[in-house]
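Welcome! Take a moment to look over the model below, and then we can walk through it together in questions and answers.

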Amino acid sequence: MHTFFSEERRGDYLFLRDKELKHLKVRRIEQKEKFKVIYEDRTFLCELERLHKDKAQCRILEELPQESFQVNITLYQAVPENLKTFEEIIRGSVQVGVKRIVPVISDRSFKKREVLERKLQRWEKIAKEEMKLSGRSLPFRIEKVESLRVLKAEAQVNLLLDNFNGKGSIRDLNFKAQSYSVVVGPEGGFTAKEVSSLRERGFEPVLLRPYVMRTQTAALLMCGMIANLSAT
Ligand code: SAH
């Protein structure tokens with residue numbers, strides 16, 4: 001079933017405008033046809049009541065229950081110099097069930113905070129596109145930019161992807177927790193100092209086998225494993 005995003009509700013109606021309206025037209029949705037509409041993080045089953053030139057009027061039939069997928073994964077992703085790679089990571093994060101992504105500035109990451117702050121709107125748009133494609137209605141958050149040195153190990157399980165010092169086996173990780181955080185380095189990796197500081201703060205180093213991976217591969221593989229192996 002198709003999914004659209006609305007920012008406007010009046011009584012039992014949700015309205016689609018601009019890009020969402022265009023999308024509805026491209027999909028050739030007809031009167032009385034049913035589809036899902038996400039409004040303020042809630043999902044509604046709707047039918048098309050009327051198509052106007054500048055908006056589609058959708059009648060709410062019922063509110064759908066929140067998805068039950070509740071593993072709470074936060075991805076702390078050092079922003080790659082190539083910002084397209086970060087966009088790829090946003091897309092993948094939506095697909096594999098990450099709950100929130102925090103763009104992180106580290107010694108070897110992309111460093112211009114103002115540039116990143118201006119990207120937020122574009123990133124939100126990309127995340128929405130991806131939610132539609134993957135049939136996800138669980139909200140996805142893009143948080144404000146943080147510095148690596150202020151990250152705290154706040155989840156029940158806090159992991160640091162470390163292709164040098166990680167040891168043990170993925171099998172030994174606790175996949176029974178409710179909340180996870182995953183810290184991933186930029187293309188050039190973390191410095192030794194960054195790694196030791198993160199470990200002191202309680203992040204547990206993890207090595208993925210068998211090879212060194214690109215940052216996007218490592219991030220999505222780890223988050224995807226957590227999503228699939230953890231309790232719910
Ligand atoms: N050029 C760097 C590679 C960095 S890869 C180097 O020589 O170390 C970018 C990031 O992806 C790393 O900082 C790490 O967080 C993650 N990563 C890549 N491969 C990994 C692996 N096999 N195990 C754990 N983390 C990995």
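**The pockets and the parts around them**

Q: How do the residues of the lining of the largest pocket divide into nonpolar, polar and charged?
A: The lining of the largest pocket has 6 nonpolar residues, 5 polar ones and 13 charged ones. Here Ala, Val, Leu, Ile, Met, Phe, Trp, Tyr, Cys and Pro count as nonpolar, Asp, Glu, Lys and Arg as charged, and the others, Gly among them, as polar. The division is therefore 6 nonpolar, 5 polar and 13 charged.

Q: What kind of model is this, and how are its residues numbered?
A: This is a predicted model, in which local features need pLDDT of at least 70, side-chain atom pairs count only at pLDDT 80 or more, and totals for chains, interfaces and linings use all residues. Side-chain values use heavy atoms, with hydrogens and water left out, and residues are numbered along each chain as its sequence is written, from 1.

Q: What volume does the largest pocket have, and which residues are the closest to its centre?
A: A pocket is found on a 1 Å grid over the protein atoms alone, as an open set of points where a 1.4 Å probe fits, with protein on both sides within 12 Å along at least five of seven lines; lining residues have an atom within 4 Å of a point. Grid points are joined across faces, edges and corners, and a volume is the space filled by probe spheres set on the points. The largest pocket has a volume of about 710 Å³. Among its 24 lining residues, the closest to the centre are F5, K19, E20, K128 and K132.

Q: Which element gives the most to the lining of the largest pocket?
A: Helices (H or I, at least four residues) and strands (E, at least two) are DSSP runs, numbered from the N terminus. At least two lining residues come from each of β1 (3–6), β3 (13–16), α1 (18–26) and α3 (113–134). With 7 residues, the element that gives the most is α3.

Q: What is the volume of the second largest pocket, and which element gives the most to its lining?
A: The second largest pocket has a volume of about 480 Å³. Its lining counts 27 residues, and N163, P186, G189, V212 and M213 are the closest to its centre. Two or more residues come from each of α2 (83–96), α4 (192–200) and α5 (215–229). The element that gives the most, with 3 residues, is α5.

Q: Is V79 buried or exposed?
A: V79 is found in the loop between β7 (72–78) and α2. Leaving out residues up to four places away in sequence, V79 touches F86, P103, V104, S109, F110, L116 and P186. Buried means under 20% relative accessible area, exposed over 50%, and partly exposed in between (1.4 Å probe, protein chains only). At 0% relative accessibility, V79 therefore counts as buried.

Q: Is Y211 buried or exposed?
A: Y211 lies in the loop between β13 (204–206) and α5. Its relative accessibility is 65%, so Y211 counts as exposed.

Q: Is Q77 buried or exposed?
A: Q77 is found in strand β7. Beyond its neighbours within four places in sequence, Q77 is in contact with residues including F86, I89, V184 and A219. Because its relative accessibility is 0%, Q77 counts as buried.

Q: How many disulfides does a search of the whole structure find?
A: A disulfide is a pair of cysteine sulfur atoms within 2.5 Å. The sulfur of C58 is 5.6 Å from the closest cysteine sulfur, in C46, which is too far for a bond. For the whole structure, the number of disulfides found is 0.

Definitions and conventions:
Contact = heavy atoms within 4.5 Å.
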